[in-house]
Each structure stands twice: as structure tokens, then as C-alpha cells.
There are 2 protein chains.
Amino acid sequence: MNAELKTQTLPMKTAAAEKKIHKDYFHAAVSVDCVIFGYEDRKLKVLVMPSDLEEFKNLFSLLGDLVGPHEDLQSASQRILKERTGLDGVYMEQVQAFGDTDRHPSGRVFTVAYYSLLNIKHDGLQLSNPLLKWMPVYEIKQLAFDHKLILDTSLAKLRHMSMETPVLFHLLPEKFSLRELQELYEAIQGQELDRRNFRKKISNKGWLVDLKEMEKDVSHRPGKLYRLQFAETFPQKH
Amino acid sequence: MNAELKTQTLPMKTAAAEKKIHKDYFHAAVSVDCVIFGYEDRKLKVLVMPSDLEEFKNLFSLLGDLVGPHEDLQSASQRILKERTGLDGVYMEQVQAFGDTDRHPSGRVFTVAYYSLLNIKHDGLQLSNPLLKWMPVYEIKQLAFDHKLILDTSLAKLRHMSMETPVLFHLLPEKFSLRELQELYEAIQGQELDRRNFRKKISNKGWLVDLKEMEKDVSHRPGKLYRLQFAETFPQKH
């Protein structure tokens with residue numbers, strides 16, 4: 001069935017005529033806020049910078065910008081990431097839109113949050129500004145605007161997704177041990193995990209390939225090394 | 001650690017000053033589109049109405065409206081649902097924002113999609129307009145605007161969520177049989193499911209309470225009746 005119908009009973013108008021009726025609605029701005037997660041020293045971190053608004057003096061904010069009149073949401077989020085980190089084609093996913101009426105002191109600014117995951121040790125990573133800072137997520141109490149809510153919402157989504165898809169593998173080297181993998185999951189969950197349960201759950205996912213290699217030059221008992229199954233079809237990895 | 005810092009090296013400005021610099025960005029409108037799913041005759045349906053724009057003559061659209069200058073996203077979505085269906089407090093969840101530059105012929109209109117689930121047989125359901133129509137989701141080939149993309153994205157989210165949380169129980173009566181439950185899941189997935197696998201998966205979720213009652217007045221062999229575990233703490237049901 002095609003979604004067609006006879007609309008003889010419906011008064012029709014053009015989009016241009018509708019815009020005149022609705023002109024009072026065309027006064028909003030839309031921004032994108034990037035929740036850029038990184039992993040370092042067994043901690044999940046997020047990239048923040050000091051707010052330059054008097055209203056949020058002494059507070060950090062997520063990295064965001066207004067969406068240009070001829071820019072779509074995804075292009076804006078990729079642009080912000082590129083401008084701030086020098087990286088292209090990083091894994092990103094939309095979290096959701098936030099639109100409380102009082103969320104921005106400049107006026108009505110809706111924002112759309114995207115989270116991304118990147119390896120802090122990545123060769124190409126070049127922060128645009130010395131004021132940018134990787135802050136441990138679980139130590140953040142307050143941020144500018146509604147960015148603490150945006151961070152918490154993004155973190156909840158990441159925690160959920162980490163058990164659904166191998167998204168966290170963006171934060172690991174190509175070869176890794178189960179110990180490294182568990183440490184990463186613990187950093188995301190913000191709590192220790194039972195070793196046996198964790199290994200059972202992960203091996204049931206079918207995500208891992210045993211490389212028949214052992215870790216080298218480690219201070220603990222060397223563990224087996226794994227790689228991600230289907231890594232070649234996995235979205236770009238940084 | 002509090003997210004505070006000394007910002008002596010950062011030039012500060014007020015939000016009012018920033019708005020002047022950014023005034024060219026404050027020309028967008030934001031709408032909410034409601035993807036209202038219902039279930040009837042073993043089919044998943046969605047509530048649509050004919051578009052009243054010349055540009056989309058003879059096409060149906062989802063139910064949406066612009067977000068008022070003093071309205072937040074969630075209030076707007078609840079308002080649209082109430083206006084269109086007469087129902088309050090229906091389960092709703094944000095899907096995501098859509099912002100392609102050419103998605104609306106009136107100009108730059110971002111939209112945020114919400115999906116909701118309601119029982120088409122609900123006593124309180126009173127459609128605002130005889131042009132509103134429950135259309136079977138899997139029969140829709142085309143909609144106005146980018147609404148087919150919004151519908152497909154919402155459906156993908158619903159399908160995913162249906163295995164994660166007991167969200168679909170919003171579409172069932174209080175007491176139901178496993179046969180009814182499976183028919184509902186098949187309507188959502190758009191395909192038949194293996195009876196044994198389905199029952200095993202669902203019973204592993206711990207969502208069901210066996211009521212020790214049998215179906216009555218059915219044309220097939222009566223099945224056991226169940227209710228949702230923790231139904232009392234479950235969001236409002238319609």
C-alpha cells in the first residue's frame with residue numbers, strides 16, 4: 001500500500017505560506033555537544049574545556065558549537081571533533097536532543113549530544129587548545145549549562161551499548177588480553193566486576209578471536225592475546 | 001574533584017554578548033514528531049494523517065508540531081499526543097533528533113522524534129480528527145518530509161527495546177497468554193518466530209507472572225494466562 005489518499009476535505013497550503021504563519025517559531029538556535037570519551041590509566045575520561053561565559057566562570061563544559069545554517073547535525077559533530085582533536089572519521093553516535101527552555105543563558109538553544117570514543121594514545125590526536133583537558137568521568141560533579149545531565153545520559157547509553165555491541169573495542173589496542181578488556185569494562189561501569197562472570201559473559205558474545213599469542217613484557221603472569229572478530233568490518237577505529 | 005579551575009588565560013564574555021555575535025544562528029525552528037504505535041488485528045500500526053502542505057499532497061505524515069518558544073521537548077510531545085488522541089501520561093521515549101538541511105520546505109526545521117505505544121482499544125482514546133488513520137507499519141512505503149526515515153529509525157529502536165525491557169506490554173491487556181505475547185512480538189519484528197525459542201527467551205527475562213488461570217472463550221486450546229511482573233511500578237499503561 002502506498003501512503004496516498006484523496007485529500008479533498010483538507011484545506012491545503014504551501015510551505016512558504018506556512019512559514020509566514022509560523023514566523024515566531026523561527027528564533028531558535030541548535031548546537032551539537034560532543035561527549036568525547038577516552039580511556040587512560042584504567043580510567044574513563046571525557047574531553048572538556050573551561051567555559052568562556054561569565055555565567056559559567058570556573059566551570060568546564062563539553063565541546064560544542066552552534067550548527068551552521070547550511071550544516072546538518074552529523075557534519076557539525078564531525079567538524080567539532082576534527083577542530084578539537086585533529087581526528088577524522090571517529091566513531092560517533094547520537095545520544096539524544098536536550099531542549100529545556102532555560103538550558104542556555106543566550107536564549108533558546110536546543111542541543112543534540114553525540115558521544116564518541118577515542119584512544120587517548122592515538123598517533124593523530126592533537127588537541128586544538130592547551131585548555132582542553134581529559135577529566136575522569138566519575139570524578140566530575142558539575143559542568144556548565146546542562147552538560148552534567150548530557151554527560152550522565154551519554155554515559156548511561158555507553159554502559160548499555162557496551163554489553164550490546166563491541167563498541168568499547170574502539171578504546172583498546174588491536175591485540176589485548178582479557179585482563180585489559182575487563183579493566184576497560186570496569187572503568188566504564190565504574191565498579192569492579194567478577195572475573196569469572198565477566199569472562200563467561202564476554203565469551204558468549206562471540207566477539208573475540210584467540211590469537212594463540214601471549215602477552216610480552218608484562219609485570220603479571222602473561223595472558224593470552226585476543227583481537228576483535230570482524231574488526232575489518234567494524235567502523236573506523238582510533 | 002569539582003570541575004572548577006582558574007581561567008585567567010581565557011577571554012570571558014557574557015551570554016548576551018555571545019548572542020549578538022551568534023545572531024545569524026537564531027533562525028531555526030524545532031518541531032517534535034510523535035511516532036504513535038498501536039497494535040490491532042495482529043498488526044503493528046502507526047497513527048498518521050494527510051499532510052496539509054501542497055509540497056506533500058496525497059502523502060501521509062506523522063503527527064508533529066513546532067515546539068513553542070516557552071515549551072520544552074517533552075511537554076511538546078505530550079501536548080501533541082493529548083491533542084491528537086485525548087490521552088494523558090502515555091509511555092513515550094525520545095528516539096533522536098533529525099536535522100538535514102533540506103528536510104522541511106518551510107526553512108530550517110530540526111525535529112526530535114518520540115515514540116509511544118498505546119492500546120488502540122483503550123477506552124479513553126478519542127482521535128481529534130476523522131482524517132487520522134492507523135496504518136500498518138510494514139505496509140508504508142512513503143511518507144511526507146523525512147517521516148519514513150523517522151518511522152524506520154523509531155521502529156528499529158522499538159524492536160531493539162522490545163528484547164531489553166518489557167516495553168511492549170503497554171500494548172497488551174492486563175492478562176495475556178503466551179500465544180498473544182508471541183503474536184505481538186511477531187507483529188513488531190515483522191516476521192514469524194519459532195515458538196520454542198521465543199518462549200525460552202521470554203521466560204529467561206523474568207518478566208512474567210503465571211496467574212494460574214486459563215484463557216476462556218477462545219477458539220483454540222485455552223492457554224495459561226500471565227501478567228507482567230512489577231506491573232505496578234511500570235510506567236503508566238494505556
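Start by selecting helices α3 (residues 147-164) and α4 (residues 178-189) of chain A, which pack at an angle of about 150 degrees with their axes 9 Å apart. Axes here are lines fitted to C-alpha atoms, for helices over the stretch in contact, and angles run from 0 to 180 degrees between N-to-C directions. Helices (H or I, at least four residues) and strands (E, at least two) are DSSP runs, numbered from the N terminus. The angle makes α3(A) roughly antiparallel to α4(A); angles under 35 degrees count as roughly parallel, over 145 as roughly antiparallel, 65 to 115 as roughly perpendicular and the rest as oblique.

This is a predicted model: local features need pLDDT of at least 70 and side-chain atom pairs count only at pLDDT 80 or more, while totals for chains, interfaces and linings use all residues. For your selections, residues are numbered from 1 along each chain as its sequence is written, and chains are lettered from A and ligands numbered from 1 in the order in which they are written.

On α3(A), pick L158(A), R159(A) and S162(A); they meet Y185(A), I188(A) and Q189(A) of α4(A). Residues are in contact if their C-beta atoms, placed from the backbone, lie within 7 Å. This contact of α3(A) with α4(A) has 3 nonpolar, 2 polar and 1 charged residues. Here Ala, Val, Leu, Ile, Met, Phe, Trp, Tyr, Cys and Pro count as nonpolar, Asp, Glu, Lys and Arg as charged, and the others, Gly among them, as polar. The crossing of α3(A) and α4(A) is left-handed, that is, the near helix is turned anticlockwise from the far one by less than a right angle (clockwise would be right-handed).

L178(A), L181(A), Q182(A) and Y185(A) of α4(A) make the contact with R195(A), F198(A), R199(A) and I202(A) of α5(A). By class, the residues of this contact divide into 5 nonpolar, 1 polar and 2 charged.

Now colour chain A by domain. Domain 1 covers 28-164 and domain 2 covers 169-233, with bounds that come from an automatic or database domain assignment. Taken over C-alpha atoms, the centres of the two domains of chain A are separated by 27 Å. Where they touch, 12 residues of domain 1 of chain A are in contact with 9 residues of domain 2 of chain A. On the domain 1 side, β2 (43-50), β6 (109-119) and α3 of chain A each supply at least two residues. That side has 7 nonpolar, 2 polar and 3 charged residues.

Then bring chain B into view. A rotation of 180 degrees with 0.0 Å of shift along its axis superposes chain A on chain B, with an RMSD of 0.0 Å. The copies are superposed by least squares on the C-alpha atoms of residues with pLDDT of at least 70 in both. The relation is that of a two-fold axis. The same surface serves both copies, with 100% of the contact residues of chain A recurring in chain B.

Finally, select the interface itself: 56 residues of chain A are in contact with 56 residues of chain B. From chain A, α1 (15-21), β1 (29-40), β5 (92-98) and β6 each supply at least two residues of this side. By class, the side of chain A that touches chain B has 28 nonpolar, 14 polar and 14 charged residues.

Key: Contact = placed C-beta atoms within 7 Å.
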